[in-house]
Amino acid sequence: MTGTKFPVKLFYDIISPYSWLAFESLCKYRGLWTKMDLILKPCSIFLLFKESGNPPPLFNPLKSAYIAKDCSRAQKIFKVPLTFPSNFADLAVKKGSLKAMRFVMAIDDLTNGQSTEAISRHLWRAVFTNEPGKDITDVKVWLEAGENAQIDKATLDKAIEQSNSETIKNKLVEQTKEAVNHGAFGLPTMIVESPDESRMLFGSDRIELLAYLIGEKYQGPCPVSKSNL
């Protein structure tokens with residue numbers, strides 16, 4: 001249909017490396033695809049695993065080893081500076097990303113989505129471009145990411161405060177359950193909305209299929225577009 005704009009919801013967690021790959025690719029395509037209305041949907045990957053009954057891949061040594069190697073290869077074609085820090089398992093499993101995702105949810109809420117892309121990107125960078133990866137349960141890391149994302153101090157302080165509120169906690173849970181209700185079992189998950197149906201796509205390798213579904217041209221994982229990296 002001429003003039004149709006398809007809402008595309010991207011569910012992600014900043015501890016998920018594949019989510020970062022999909023995120024950067026879709027953010028670039030947002031400037032190229034006139035038929036896509038990209039909606040960023042921060043959620044909790046471990047709550048999603050729990051709700052869907054899918055065990056985290058890091059609990060399987062073979063999957064864990066494969067993911068590290070696969071992302072090392074994929075980051076070259078996605079042109080995302082992603083490397084696995086030596087303390088990734090500790091960051092992902094022992095510390096987790098729940099608190100950080102509540103902070104992202106608070107930023108999203110306070111800025112009406114205007115700073116969601118920037119804060120997410122800089123939290124990913126905190127984990128995947130440092131050795132060792134930075135502790136995203138540390139408020140100091142949030143403030144550093146927020147400053148790099150050019151978010152004013154008053155908004156950052158308010159987001160830190162609100163990240164512990166029941167309102168923000170419930171919003172993150174509801175947003176995660178929204179993904180699960182569409183059939184999500186891992187991240188990144190994309191929901192393509194059209195007048196007749198909602199279609200779920202899983203993985204950073206499904207962007208070509210997304211292009212087909214909305215009638216846009218796929219130019220590879222890293223199209224020629226303005227980059228915020």
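Start with helix H4, residues 88-95. Keep in mind that this is a predicted model. Which residues of H4 are buried? Phe-88, Leu-91 and Ala-92. Look down the axis of H4: these buried residues fall within an arc of 85°, so they line one face of the helix. What covers them? Helix H1 (17-30), helix H2 (45-52) and H6 are among the elements that do.

Next, helix H5, residues 98-110. H5 has 13 residues. From first C-alpha to last, H5 reaches 18 Å, close to the 18 Å expected at 1.5 Å a residue. The buried stretch here runs through Ala-100, Met-101, Arg-102, Phe-103, Val-104, Met-105, Ala-106, Ile-107 and Asp-108. The cover over these buried residues includes two strands, E1 (6-12) and E2 (36-42). It also includes helices H6 (116-128), H7 (139-148), H8 (153-162) and H9 (166-181). Just past H5, Asn-112 has a positive phi too, about 55°.

Last stop: Ser-25, in helix H1. Is Ser-25 buried or exposed? Buried, because its relative accessible area is 1%, and the cut-off for buried is under 20%. What does its side chain reach? The backbone oxygen of Pro-221, at 2.6 Å. Leaving aside residues up to four places away in sequence, Ser-25 touches Phe-78, Ile-207, Gly-220, Pro-221 and Pro-223.

How values were computed
Residues are numbered from 1 along each chain as its sequence is written. This is a predicted model: local features need pLDDT of at least 70, side-chain atom pairs count only at pLDDT 80 or more; totals for chains, interfaces and linings use all residues. Side-chain values use heavy atoms; hydrogens and water are left out. Helices (H or I, at least four residues) and strands (E, at least two) are DSSP runs, numbered from the N terminus. The expected span of a helix is 1.5 Å times one less than its number of residues. Buried means under 20% relative accessible area, exposed over 50%, partly exposed in between (1.4 Å probe, protein chains only). Contact means heavy atoms within 4.5 Å. The arc is that of the directions from the helix axis to the C-beta atoms. A polar contact is a pair of N or O atoms within 3.5 Å; within protein, one must be able to donate a hydrogen and the other to accept it, and residues adjacent in sequence count only if both atoms are side-chain atoms.
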